[in-house]
Amino acid sequence: MHELSVCTGLVELLEEQAEVQGFNRVKALWVEIGQLSCIEPEALCFSFESAARDSVAEGAALNIEQAPGQAECLECRASFEALERYAQCPECGSFRLNILGGEELRIKELEVI
Ligand SMILES: [Zn+2]
């Protein structure tokens, strides 16, 4: 399951941050996931709970925001928001796109104790 490996990575990152920043517990976190990342927010929440068990993030509230992907058309150079990987250029109708963002998951904010 894709979301579980994403969560395991996320928890590892939080443990690292706990050491660097010197906190003991994550109370809440806000993450942004790109709409092209193929991550389901509900599945992510569910996986996070089990991935966070016995870690600094146990019981932390996970808040998810979805961000649209950014794409650039290789034909006419228009840039636009892409909601799916195989989007079509709204200017010229081309499918030859360069995906510039929206595939990542990033932590926006942490509330720690
Ligand atoms: Zn175009």
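**Exercise 1. Decide whether Asp-54 counts as buried or exposed, and describe its backbone.**

Begin with the rule: a residue is buried if 20 or more other C-beta atoms, placed from the backbone, lie within 10 Å of its own, exposed if 12 or fewer, and partly exposed in between. Asp-54 has 7 C-beta neighbours inside 10 Å, so Asp-54 counts as exposed. As to its place in the chain, Asp-54 belongs to the loop that joins helix 2 to strand 2 (61–67), where helices (H or I, at least four residues) and strands (E, at least two) are DSSP runs, numbered from the N terminus. Its phi is positive, about 60°, although Asp-54 is not a glycine. Most residues other than glycine have a negative phi.

Two remarks apply to every exercise here. Residues are numbered from 1 along each chain as its sequence is written. The model is predicted, and local features need pLDDT of at least 70, side-chain atom pairs count only at pLDDT 80 or more, while totals for chains, interfaces and linings use all residues.

**Exercise 2. Carry out the analysis for Arg-77.**

Arg-77 has 11 C-beta neighbours inside 10 Å, and therefore counts as exposed. Arg-77 sits in the loop between strand 3 (69–73) and strand 4 (79–82), and its phi is positive, about 70°, although Arg-77 is not a glycine.

**Exercise 3. Check the length of helix 1 and find which of its residues are buried.**

First, the expected span of a helix is 1.5 Å times one less than its number of residues. For the 20 residues of helix 1 (residues 2–21) this gives 28 Å, and because the end C-alpha atoms are 28 Å apart, the two values agree.

Next, sort the residues: Val-6, Cys-7, Leu-10, Val-11 and Leu-14 of helix 1 are buried. Seen down the axis of the helix, these buried residues fall within an arc of 135° (taken from the directions from the helix axis to the C-beta atoms), so they line one face of helix 1. An α-helix has 3.6 residues a turn, so residues three or four places apart point the same way. On the other side of helix 1, the exposed residues are Ser-5, Gly-9, Glu-12, Glu-16, Glu-19 and Val-20.

Finally, the buried residues of helix 1 pack against strand 1 (26–34), helix 2 (41–51) and strand 6 (105–112).

**Exercise 4. Which residues touch the most other members of the largest nonpolar core?**

A nonpolar core is a set of buried Ala, Val, Leu, Ile, Met, Phe, Trp, Tyr and Cys residues joined through C-beta atoms within 7 Å. The largest one has 17 residues, of which Cys-7, Val-11, Phe-48, Ala-52, Ala-57 and Ala-60 touch the most other members. Two or more residues of this core come from each of helix 1, strand 1 and helix 2, and helix 1 gives the largest share, 5 residues.

Take Ala-57 as a case: leaving out residues up to four places away in sequence, Ala-57 touches Val-11, Leu-14, Val-26 and Ala-52, where a contact requires C-beta atoms, placed from the backbone, within 7 Å. A second, separate core of 6 residues includes Leu-36, Ala-71, Cys-89 and Leu-97.

Terms used:
Two residues are in contact if their C-beta atoms, placed from the backbone, lie within 7 Å.
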